[in-house]
Amino acid sequence: MKVTRQKLHQLIQNKLNKAGLSEQHASMVADVLVHADARGIHSHGAVRVEYYAERISKGGTNTSPNFHFEQTGPCSGVFHGDNAAGHVAAKLAMDEAITLAQTNGIAIVGVKKIGHSGALSYFVQQAAKQGMVGISLCQSDPMAVPFGGTGVYYGTNPIAFAAQGEDDKVMTFDMATTVQAWGKILDARSRNDVIPDNWAVNEQGEPTTDPFEVKALVPLSGPKGYGLMMMVDVLSGILLGLPFGSRVSSMYNDLTEGRNLGQLHIVINPSYFTDPQTFKQNISQTMKDLNAVKPAPGVKQVLYPGQNCDINEDESNLNGIEIVDEIYQYLLSDTLYNHSYDHKDPFAH
Ligand code: NAI
């Protein structure tokens, strides 16, 4: 079914508020989830509300955090997230990074000890909308084998980038460093589908097409994605003095404890490197150039990175956001959560 942005935002905010988040924090989390659903990133939208509600209710999300921004140098800082909802801390930390980059050219801000922050595109777009280049990366719970291994070590450790062109159009790229997100395996299970043999491995570390056999995801493009997830873990974990690699907390392990995750925002002020107007023009030119490349057989048009999500968002703004009926009914209902997530093995059927 389709629902307007405003309606979806209100429903998510109400539910999270009922779970114990302040209205302000609930609204900020809803901003990020609606952004994801509107852009077609349904794995990080309203589908997560029940899990968040359970974690908030059980104390694993700090509902009255003591936020503190510590500027550690002219271009650097650490935002202490106090295990608040990651969306809230990551957003406020990005505001600090933007301010630093506006005055000092670049900013690198670590976001320390936070919960899950959702789709990173939201935060890099904050920077891009202020004329900055935004980059963000974060840790996530261990789900992927290191290249050639059988046991999990890294998370799906995503990376996002955004830069603004003319007419305020933003080019946004945002990806997990595994071939596929875990949500796609769950989707295949729910449909009793097989999966391609390059998404995941079974207990023995062998490729599997059976989504129920999955014991780990694989890095995208073998050793290259493996290297990228390592970089994300070093920059958003080790650099901030946080648990790293397989020591990163699991999403479902203990819903009463904070997750202590890390995220890193990098903001670049183009005016410190080139004429900012020319920068915008050339970002727009890049988007046009890519759209003009002759498409391969069977492809309608070459899209610039992230344009598929921009198209989804335009459609959502016009005709409403597509939401699974069950999720909508949950949001409307009085049910807060169904004890579905606590201590669940992430690979459980
Ligand atoms: P994806 O595979 O759906 O897309 C990756 C990128 O490719 C996107 O920027 C997308 O717009 C672009 N793209 C896809 N098809 C395209 C096409 N035909 N032409 C041009 N560009 C195209 O994304 P993925 O890897 O499934 O990640 C989904 C979301 O999950 C992201 O928002 C990410 O931040 C989030 N995530 C968050 C985590 C967290 O712990 N906070 C962990 C892992 C992922």
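Helices (H or I, at least four residues) and strands (E, at least two) are DSSP runs, numbered from the N terminus. This is a predicted model: local features need pLDDT of at least 70, side-chain atom pairs count only at pLDDT 80 or more, and totals for chains, interfaces and linings use all residues. Residues are numbered from 1 along each chain as its sequence is written, and side-chain values use heavy atoms, with hydrogens and water left out.

**Exercise 1. The whole chain**

Task: State how many helices and strands the chain has, and judge its radius of gyration against the globule rule.

Solution. 
- Step 1. Count the elements. There are 10 helices and 11 strands.
- Step 2. Take the rule. The radius of gyration is taken over C-alpha atoms, and the globule rule is 2.2 Å times the number of residues to the power 0.38.
- Step 3. Compare. For 349 residues the rule gives 20 Å, and the chain has 20 Å, so it is as compact as a globular protein of that length.
- Step 4. Along the principal axes, the C-alpha atoms fill roughly 55 × 55 × 45 Å.

**Exercise 2. Burial and contacts**

Task: Find what share of the residues is buried, and what share of the contacts with a separation of 6 or more joins residues 24 or more positions apart.

Solution. 
- Step 1. Buried means under 20% relative accessible area, exposed over 50%, partly exposed in between (1.4 Å probe, protein chains only).
- Step 2. Apply them. Of the 349 residues, 49% count as buried.
- Step 3. Turn to contacts (heavy atoms within 4.5 Å). Among those with a separation of 6 or more, 68% come from residues 24 or more positions apart.

**Exercise 3. Helix H9**

Task: Describe the length, the buried residues and the packing partners of H9.

Solution. 
- Step 1. Work out the span. The expected value is 1.5 Å times one less than the number of residues. H9 (residues 307-319) has 13 residues and reaches 18 Å from first C-alpha to last, close to the 18 Å expected.
- Step 2. List the buried residues. They are Gln307, Cys309, Asp310, Glu313 and Ser316.
- Step 3. Find their partners. These residues pack against helices H1 (5-19), H2 (23-38) and H8 (276-292), and against strands E7 (170-175) and E11 (321-322).
- Step 4. Look past the end. Gly320 follows H9, with a positive phi near 100°.

**Exercise 4. Leu217**

Task: Is Leu217 buried or exposed, and which residues does Leu217 contact?

Solution. 
- Step 1. Locate the residue. Leu217 lies in strand E9 (residues 216-217).
- Step 2. Read the accessibility. The value is 0%, so Leu217 is buried.
- Step 3. Set aside neighbours within four places in sequence. The contacts of Leu217 then include Met143, Thr156, Trp182, Ile185 and Trp199.
- Step 4. Check a distance. Asn198 is 19 residues away in sequence, and its C-alpha is 9.1 Å from that of Leu217.
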